[in-house]
Amino acid sequence: MTPSQTKPLSYDHTIRACFVGYIVQAIVNNFVPLLFLTFQSAYGIPLSSITLLITFNFTVQLVVDLLSPRFIDRVGYRAAIVLAHVMAAAGLIGLAVLPDLLPSPFAGLVTSVLIYAVGGGLLEVLVSPIVEACPTDNKESAMSLLHSFYCWGHVGVVLLSTIFFTAFGTERWKILALLWAVVPIANCIIFTRVPIYSLLEEGEQGLSMKELLGRRTFWLALVLMICAGASEQAVSQWTSTFAESGLQVSKTLGDLCGPMFFAILMGTARALYGKYGARIDLVRTMKLSAGLCVVSYLVISLSPWPMLSLLGCGVCGFSVGILWPGTFSMTARLLPRGGTLLFALLALGGDIGCSAGPTFVGMISSLAGGDLHAGILAAVFFPVLMLLGSCALRKAEPTA
């Protein structure tokens, strides 16, 4: 077949590339935590310093969420999404190279995290609006299916990395870092070719920061995003502990039974809505999901049986699945001129929630003498507020 006969790429290819984009974000967020002990033994870095890499990663992504909209609107979606993949790949490659090149290994790790965190932050801001702009029949379903790929990416990173380390040893982690870098490199090439659509009609002006902040609907959506992120991560961060205490298994098996169990059920909820969402009312689904999330929190925190608490963690993963992408879709419908700025600020709110939820649980647990059940019981505030906010969202009307 000659080049002139090659079938042109369609928005279906764009959506698939966005699916892989969220897998790339899952790689940059979840690969390094698997190497904490390896970094400690290989470079002699204190574990307390190594864990700061995660805080640094998400802090950089928060800053990118806040500062990127003007940059993205200036250079365009295609250039920005290509740059996001380049940065993600460069950071993963840097993990394998920079610790040995820079004066200290820790400086090399921090520099690598900085690079791929910029890529991760751009991906979070860009991927959802690119899918939202595609001429799909059911945008809510497409958005939910899109976000499920972060869950599958998380599961894939843990599973495939575990298999690699079992087969070849953790000392060859640099090879695996380079292999993971192939994913953003390949997807970067695809994004140079697929069609990319605009959220706004030609000549239409998006809402300014001042206009957006003046909309009550935006503030409601921002609260919902914070609650969605907090409801998800307040439990997700502690599932490994529940698995270890409930099943009396090793840390490795606890990670597989806990966080992966949570991620699989969260991804399943998003995939199911992605398939059947056209037949289901989104706001009603969000209300039911938030209610189920409240129940799961109560089961986790009040059950006297560790195995039932672990089951509650899985139910929580399923219940929070639709909350984040559902809020994105509903807000885009209610504020059609929100543009890139809207998605960036919603992502910022979600990330704040992801940070606030686990922190709140940890603080309350510490005050309760290290009892995680008390921390999660107090954190039921987040899904309760999510339920109330979803009810209010039902009454909101689209605004220009």
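Reader: How many positive and negative side chains does the chain have?
Author: This is a predicted model, where local features need pLDDT of at least 70, side-chain atom pairs count only at pLDDT 80 or more, and totals for chains, interfaces and linings use all residues. The chain has 22 positive side chains and 20 negative ones, with Lys and Arg taken as positive, Asp and Glu as negative, and His and the chain ends not counted.

Reader: And how far apart are the centres of the two sets?
Author: They lie 4 Å apart, placing each charge at NZ of Lys, CZ of Arg, CG of Asp or CD of Glu. Residues are numbered from 1 along each chain as its sequence is written, and side-chain values use heavy atoms, leaving out hydrogens and water.

Reader: OK, new topic: how many helices and strands are there?
Author: There are 19 helices and 0 strands. Those are DSSP runs numbered from the N terminus (helices: H or I, at least four residues; strands: E, at least two).

Reader: Where does Q233 sit?
Author: Q233 is in helix α10, which covers residues 216–236.

Reader: Is Q233 buried or exposed?
Author: Q233 counts as buried because its relative accessibility is 15%. Buried means under 20% relative accessible area, exposed over 50%, and partly exposed in between, with a 1.4 Å probe and protein chains only.

Reader: What is Q233 in contact with?
Author: Setting aside neighbours within four places in sequence, Q233 is in contact with C354 and P358. Contact means heavy atoms within 4.5 Å.

Reader: What share of the chain is buried?
Author: Buried residues are 52% of the 400 in the chain.
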